[in-house]
Amino acid sequence: MISPETAELRILDAAETLFYGRGIQAVGMDEIRSASGVSLKRLYQLFPSKGELIQAYLRRRDIRWRQKLAAYADAQTTPEESILAVFDWLHEWFGEPDFRGCAFSNSFGELGATSSAVAETARAHKEAFFRYLAELTAAAGKPAALGDHLALLAEGAITTAAITGSAEPAHQAKAAARVLLEAAQPSASRAQPSPAGGA
């Protein structure tokens, strides 16, 4: 008899592989049972509905995705380097053999119109990503609006990479991000005061 913790881990691992790889609506609970090796009874004890399993899958993926990104970007020397490293990390992610775009955009596309829980989870993930880039932008002393611009570049790269099957959009977005960083003036809080004029 496996422990509840092990059973939950197996179920979530199976759900992530199948939901992300094939789509949420295409996968039934019986397939999750088969892939996880957990009995259907135990599966429903831990996740009484498919909706609850979907939410658990998305919440875990959100935490893991953002932690991996932050660990990579925050290891850089300067905030500007951290911003550009976001796109390097995306390039690595796009090159993974199982990459098929953003799990949250995918889930919203499938269920956002009918599931308020899925829609809210997807929005929360995007908002957290935008906040992270806003924090990096503020640390670099750049205008707040730049954070949104950079996030939209990243979002476009994710979608394009998923559709084209190429990791190159990450490099293209990084080049655009570099241009935006170089063109952005320091934020008002970081701008140096002008010398006082003499009378």
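**Ground rules.** I call a residue buried under 20% relative accessible area, exposed over 50%, and partly exposed in between (1.4 Å probe, protein chains only). This is a predicted model, so I note that local features need pLDDT of at least 70, that side-chain atom pairs count only at pLDDT 80 or more, and that totals for chains, interfaces and linings use all residues. Residues are numbered from 1 along each chain as its sequence is written, and side-chain values use heavy atoms, with hydrogens and water left out.

**Ala 183.** I began with Ala 183, which sits in helix α9; helices here are DSSP runs (H or I, at least four residues), strands are E runs of at least two, and both are numbered from the N terminus. Is Ala 183 buried or exposed? Ala 183 counts as exposed because its relative accessibility is 54%. I also checked its distance to Arg 123: 60 residues apart in sequence, and 30 Å apart in space, C-alpha to C-alpha.

**Thr 137.** I looked next at Thr 137, in helix α7. Its relative accessibility is 0%, so Thr 137 counts as buried. For neighbours I took contact as heavy atoms within 4.5 Å. Setting aside residues within four places in sequence, Thr 137 is in contact with Ile 83, Lys 142, Pro 143, Leu 146, Gly 147 and Leu 150.

Residues 5–65 are 80% helix and 0% strand, with end C-alpha atoms 21 Å apart. For residues 28–47 I got 75% helix and 0% strand, and 13 Å between the end C-alpha atoms.

**Glu 31.** Glu 31 lies in helix α2. Glu 31 is partly exposed because its relative accessible area is 31%. Beyond four places in sequence, Glu 31 is in contact with Leu 18, Arg 22 and Ala 26. From Glu 31 to Ala 15 I noted 16 residues in sequence and 8.9 Å in space, C-alpha to C-alpha.

**Gly 21.** Gly 21 is in helix α1. With a relative accessible area of 42%, Gly 21 is partly exposed. Apart from neighbours within four places in sequence, Gly 21 is in contact with Glu 16 and Arg 100.

**Arg 66.** Arg 66 is in helix α4. At 32% relative accessibility, Arg 66 counts as partly exposed. Not counting residues up to four places away in sequence, Arg 66 touches His 125 and Ala 128.

**Core.** How many residues does the largest nonpolar core have? I got 58 residues, and those with the most contacts inside the core are Phe 19, Ile 32, Leu 53, Val 86, Leu 90, Trp 93 and Phe 94. The elements giving two or more residues to this core are α1, α2 (29–36), α4, α5, α6 (103–111), α7 (116–139), α8 (144–164) and α9 (168–183).

**Trp 93.** I followed up on Trp 93: leaving aside neighbours within four places in sequence, Trp 93 is in contact with residues including Tyr 20, Arg 61, Trp 65 and Ile 158.

**Pocket lining.** Last, I checked which helices each supply at least two residues to the lining of the largest pocket: α1 (4–22), α4 (50–73) and α5 (79–94).

Conventions:
Core = buried A, V, L, I, M, F, W, Y, C linked by side-chain atoms within 4.5 Å.
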